[in-house]
Amino acid sequence: MPDIASPALTLGVIGAGTMGRGIAQVAAEGGVDVKLFDANAGAAEAGRAFVARMIGRQAEKGAITADAAEAMAGRVTVAAELADAASCDVVIEAIVENLEVKQKLFAQIEAAARPETIIATNTSSLSVTAIAAACTRPERIAGMHFFNPVPLMKLVEVIPGLATAPDVTSALIALARRMGREPAVSVDSPGFIVNHVGRAYVPEAGRIVAERIAAFDEVDRIMTGAPGFRLGPFTLLDLIGSDISVAAMESIWAQFFGEPMYATGPELKLRVTGGLYGVKNGLGWYAYENGKRVEPPARPTATVRPKLVWLMPSEIDPHITVDLTQYIVAQGIAVDRSAAPPSEALIMVTPVGWDLTTTVCDLGLDPARTVAVDMLFGLAGPRTVMVTPATEPAHAQAAQWLMAADGTPATLINDSPGFVAQRIVAHIINVACQVASRGVASPADIDMGTRLGLGYPMGPLAWGDKLGAGVVLHILERLEDFYRDPRYRPSPWLKRRAMLGLSLLAPNGTERGT
């Protein structure tokens, strides 16, 4: 077994493209000697020069000294032959995502490598076990999935295949840390951790837009508001490219044999068919001119002012009612506190999980005067006001004016169980619970992987704990009941913890196989 802490450790990197260059750079910064190889003439030398420039820029900015930069850059050399790179202590492959091509390469690496050499694949979508099947020593093979751009993305997924030796996994964890990365261990499962959990955000947003609940730009603003996502789902889709994103969605869905929880929708596929890829070709969900996004025109905010509001107490959290009451009064609008709404009052409810139509019918409220406000994530904006087909426009406009009266934008949406943010966040948490239930990774690694790999404001399991597992379960059950769609069925892993009052992020306790 190679000594990962040794100053003499050498790493072979096969493939000098974007990922290979990034891996070589962080390895050199971690004090590892790197031999960079690429089958294309001149590619390895170009990769070495690129790494040297990137390290040099750090010295120019004062992040490291010139001497340190020179030493780091000097650790990266070019391997003239595959055998030179394959003879290293550890080899990381970073070539095209094609199983047959990778299997052929791994057989060649193994033939040239020492028996104790660890060989890792940077695959993001292929089975590590399948890649290792072409080798005679599959116990030396594992996955080491870096994220792009490697120097900026701190996460590395370490993936043992079915035959991988435990000490190989431990060595790659240590190597990741030496490179300054945070390792998260995943079993060999479709999408590993990050790409598995990532199957929730964009597909659920696509369904919301397909149902005409809200426009795509409204969904983006809602999700980058109170929930705190750095990028809205459609901004993210345009940035990555819908062709790449939809292919990944379809791949995960197919590898799980049509699991409804991971299904995308025809509206996303149609845009790929139509060539609406996003930033890469200047036309996606958003339009782009000279590389800059053209924002859709703002929808006007209503100017109708309500005279009186009757507020239905929250069934989830009394603080919701208190906070909203204080806000309404601060805008100079009276709040009626009688048992039943007066005939002249705007009726406001704050459902969690429920759609407004069901709420109105179950509670016997006047559908023409009733609106819903999403308060699960607080009063941070943009705020969401929901209406039904029976809501009179004057009351809808009055509610929108009221929720925007302090200058915070308020978005008017059509009826949906869970509004927009509730159903998207609950779906993300549910998928993460499924990842945990399959034993793909520990709860801690699922959350770390999601935060570092996807940039979410919180790990999904910690988010479930913050909202309350029972609240998340309630939202999912309302979605499942309303749509009769198995996509929304709650994970048994989530359901048991909600029923028992347990944390989602806590270790699995005495459960077998954990």
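The model is a predicted one.

Let's begin with the rings. Across the whole structure, a search turns up 12 aromatic pairs. One of them joins F216 and Y286, whose ring centres are 4.9 Å apart with 80 degrees between the planes, an edge-to-face arrangement. F216 belongs to helix α10 (residues 216-223), while Y286 lies in the loop between α13 (266-273) and β9 (287-289), so this pair ties together parts that are 70 residues apart in sequence. Both F216 and Y286 are buried.

F256 and Y262 make a tilted pair, because their planes stand at 50 degrees, with 5.0 Å between the ring centres. Here too, F256 and Y262 are both buried. Elsewhere, a single aromatic cluster brings together Y201, F229, F377, Y456 and W463.

Rings also meet charges. Here are two cases in which the charged end of an arginine sits over a ring:

| Charged residue | Ring | Distance to ring centre |
|---|---|---|
| R21 | F50 | 4.9 Å |
| R478 | W354 | 4.6 Å |

The largest cavity holds about 100 Å³ of space. Its lining consists of I222, A226, P227, D374, F377, G378, A380, P382, R383, T384 and A421.

Technical notes. Residues numbered from 1 in each chain as written. Predicted model: local features only at pLDDT ≥ 70, side-chain atom pairs only at ≥ 80, totals over all residues. Heavy atoms only, no water. Phe/Tyr/Trp six-rings, centres within 6.5 Å; stacked < 30°, edge-to-face > 60°. Helix = DSSP H or I, 4+ residues; strand = E, 2+ residues; numbered from the N terminus. Buried < 20%, exposed > 50% of the residue type's maximum accessible area, 1.4 Å probe, protein only. Lys NZ or Arg CZ within 6 Å of the ring centre and 35° of its normal. 1 Å grid on protein atoms, 1.4 Å probe; cavity = no way out; pocket = protein on both sides within 12 Å on 5 of 7 lines; lining within 4 Å. Points joined across faces, edges and corners; volume = space filled by probe spheres on them.
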